[in-house]
Amino acid sequence: MKEWLNKFIQGRYGGDEYGRHLSVIAIVFLLLSVIFYNILQITIASSICFVIGMGIIFRCYYRMFSKDITHRTAENEKYLASKAETDKLKAQRKARAEQKNTYKFFKCPNCKVYNRIPKGKGKVEITCPKCGEKFTRKS
Ligand SMILES: [Zn+2]
């Protein structure tokens, strides 16, 4: 039995960050399914959530036992890159929120980068440090 299991596991991809992320999403869908069925008594929504949750679980297991390690690694790296980008945007949003009493933030109309201007300086011409675009805003 143990030998069979070792042989089965050998060369398989296993778990990663993306797999953990998917399993959390699956659990959320399965919990929603239970809530819809038992508390809200909406059976169709419950069924839909159940199918989606089980589909995601199937995908998790498929990825774990997959032998296509190159493909699975690429999926994980894609996930990690998008997570890093989301985390960066969240941190920037948090920093802007913390400074909102002393600064005003204006998005550059050209490159969409945020420019920080001290509050209460009246109408100012802003030159975007990234692309050099000039635009006027009230601080
Ligand atoms: Zn710009």
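Helices (H or I, at least four residues) and strands (E, at least two) are DSSP runs, numbered from the N terminus.

## Basis of the model

This is a predicted model, in which local features need pLDDT of at least 70, side-chain atom pairs count only at pLDDT 80 or more, and totals for chains, interfaces and linings use all residues. Residues are numbered from 1 along each chain as its sequence is written, and side-chain values use heavy atoms, with hydrogens and water left out.

Helix 1 covers residues 2–9. Of its eight residues, the number buried is zero, so helix 1 lies largely in the open. Here buried means under 20% relative accessible area, exposed means over 50%, and partly exposed is in between (1.4 Å probe, protein chains only). G11 follows helix 1 and has a positive phi, near 80°.

## Two loop residues with positive phi

Most residues other than glycine have a negative phi. Q41 has a positive one, near 55°. Q41 sits in the loop between helix 2 and helix 3. Q41 is exposed, at 62% relative accessibility.

K112 also has a positive phi, near 65°, and is a residue other than glycine. Its loop runs between strand 1 (103–107) and strand 2 (114–118). At 52% relative accessibility, K112 counts as exposed.

## Salt bridges

How many salt bridges does the structure hold? There are six. A salt bridge is a side-chain nitrogen of Lys or Arg within 4 Å of a carboxyl oxygen of Asp or Glu. D16 pairs with R63, with the closest N and O atoms 3.1 Å apart. D16 lies in the loop between helix 1 and helix 2 and R63 in helix 3, so this pair ties together parts that are 47 residues apart in sequence. D16 is buried, with a relative accessible area of 6%. R63 is buried too, at 2%.

R59 pairs with E75, and their closest N and O atoms are 2.7 Å apart. R59 lies in helix 3 and E75 in helix 4 (residues 69–98), so the pair ties together parts that are 16 residues apart in sequence. R59 is partly exposed, at 30% relative accessibility. E75 is buried, with a relative accessible area of 15%. A network of salt bridges links D16, R59, R63, R72 and E75.

## A pair within helix 4

K83 and D87 form a salt bridge, at 3.4 Å from N to O. Both lie in helix 4, four residues apart, about one turn of the helix. An α-helix has 3.6 residues a turn, so residues three or four places apart point the same way. K83 is partly exposed, at 34% relative accessibility. D87 is partly exposed as well, at 35%.

## Surface patches

Patches are made of residues with over 30% relative accessible area and no salt bridge; like charges are joined within 9 Å, and nonpolar side chains (Val, Leu, Ile, Met, Phe, Trp, Tyr) within 5 Å. Accessible areas come from the Shrake-Rupley method with a 1.4 Å probe; for residues, only the protein chains shown count as cover. A nonpolar surface patch of about 1100 Å² is made by V24, I27, V28, L31, L32, I35, I39, L40, I42, I44, I48 and I52. Helix 2 (17–40) and helix 3 (43–64) are the elements that give two or more residues to this patch. Helix 2 gives the most, with eight residues. M54, in helix 3, is partly exposed at 37% relative accessibility. M54 and I27 are 27 residues apart in sequence but 9.1 Å apart in space, C-alpha to C-alpha.

A patch of positive charge gathers K100, K104, K119 and K138 on the surface. Lys and Arg count as positive and Asp and Glu as negative; His and the chain ends are not counted. The place of a charge is taken as NZ of Lys, CZ of Arg, CG of Asp or CD of Glu. K138 lies in strand 4 (residues 134–138). K138 is exposed, with a relative accessible area of 63%.

## Cysteines

A search of the whole structure finds zero disulfides, a disulfide being a pair of cysteine sulfur atoms within 2.5 Å. C108 is buried, with a relative accessible area of 1%. C128 is buried, at 2%.
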